[in-house]
Amino acid sequence: MTEAGPATLGTAASGPTAPAASPLGSVDKALAALEALAAAGPGGLALGALAHDLGLHKTSLHRTLAALRHRGYAEQDDATGRYRLGPAATALATVYLGEENLPALLHPALVAVCQATDELVHLGTLAGTEIVYLDKVEPARAVRVWSAVGRRRPAATTALGRALLAYRALDDDRLAWYAAAAPDGQVTTADLRAVCERTREHGVAREDEENERGISCVAVAVLDAGRPVAAISVTAPSERLGARRRREIEDVLTRTLPPLLPAPLTVPLAVPTATAHRPDGLDGRPGRRTATTPSV
């Protein structure tokens, strides 16, 4: 197969459906190789197979891969000779989705959720046993909830924290560490495990007046390849967060929010919530929660 030469600036496309030529063929070739290696996964690809998939000469592609290996964006298995994505490539995503970038990346999504719910919206992440609030968007309505960016609360008693903990691999010792950080023995290890299980079941986490009297929250984890990197919550006075209103907000978080997130971020798959009243307090009715079994 003939390899396409470097693109010429200002050259018209060969047909009405032909893609625009890359302004720099060598860079385009390297990026195409990275995309193919990423799709191939840990097993990687042999040079011949990669060249065939990309429609490139092996000699030219070998030079491109050598440059990528030099920078750590590709690596070659010494035993099989197969190429795979290198650590520098995966580090780019880690840096891009790092805590310092998340507020800027996710702020438009927070604004959209705030507009859809007319309630206070938070972005938070884990810092030890606590949740730290990274960003917030406030509604224009007169009766609002006070909050502050940089504020910290125990992860075990917040919807933001529960949303994140539910999608982490936690043994009993680790769960006990988070539970012990809650004030006055408010949460036990068994409580927290049950909360995490219910959060995974329904895709959303809840809190009902467990941090501030009269305040309730609903939150959803923001996932990167299944790994929780942040959480987004909607906070409102408990009197405004009855069962029907809570389900409306959960629908915004699990269905309206995902298309607003930058790739590759997503949220857990939405699971319909039963409308029947439940004795464990999951229907959002006040006065059904017990001290030993926090609601999600």
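Colleague: Which way do the residues of strand 6 point?

Modeller: In strand 6 (residues 205-208), Ala205 and Glu207 point one way while Arg206 and Asp208 point the other way, and all are buried, where buried means under 20% relative accessible area, exposed over 50% and partly exposed in between, with a 1.4 Å probe and protein chains only. Strands (E, at least two residues) and helices (H or I, at least four) are DSSP runs numbered from the N terminus. This is a predicted model, in which local features need pLDDT of at least 70 and side-chain atom pairs count only at pLDDT 80 or more, whereas totals for chains, interfaces and linings use all residues. Residues are numbered from 1 along each chain as its sequence is written, and side-chain values use heavy atoms, with hydrogens and water left out.

Colleague: Why would they alternate?

Modeller: In a regular strand the side chains alternate between the two faces of the sheet.

Colleague: And how does strand 6 pair with strand 7?

Modeller: They pair in the antiparallel sense over four bridges, and pairing requires that DSSP finds at least two bridges between two strands. Ala205 stands opposite Ala219 in strand 7, and the hairpin has six residues between the two strands, with Glu209 in the turn at a positive phi of about 60 degrees.

Colleague: Switching to strand 8, is it enclosed or open?

Modeller: Strand 8 (residues 227-237) is largely enclosed by the rest of the structure, because ten of its eleven residues are buried. Ten bridges join strand 7 to strand 8 in an antiparallel arrangement, and strand 3 (residues 120-127) pairs with strand 8 over five bridges, also antiparallel. Ala231 is the bridge partner of Ala221 and of Gly124.
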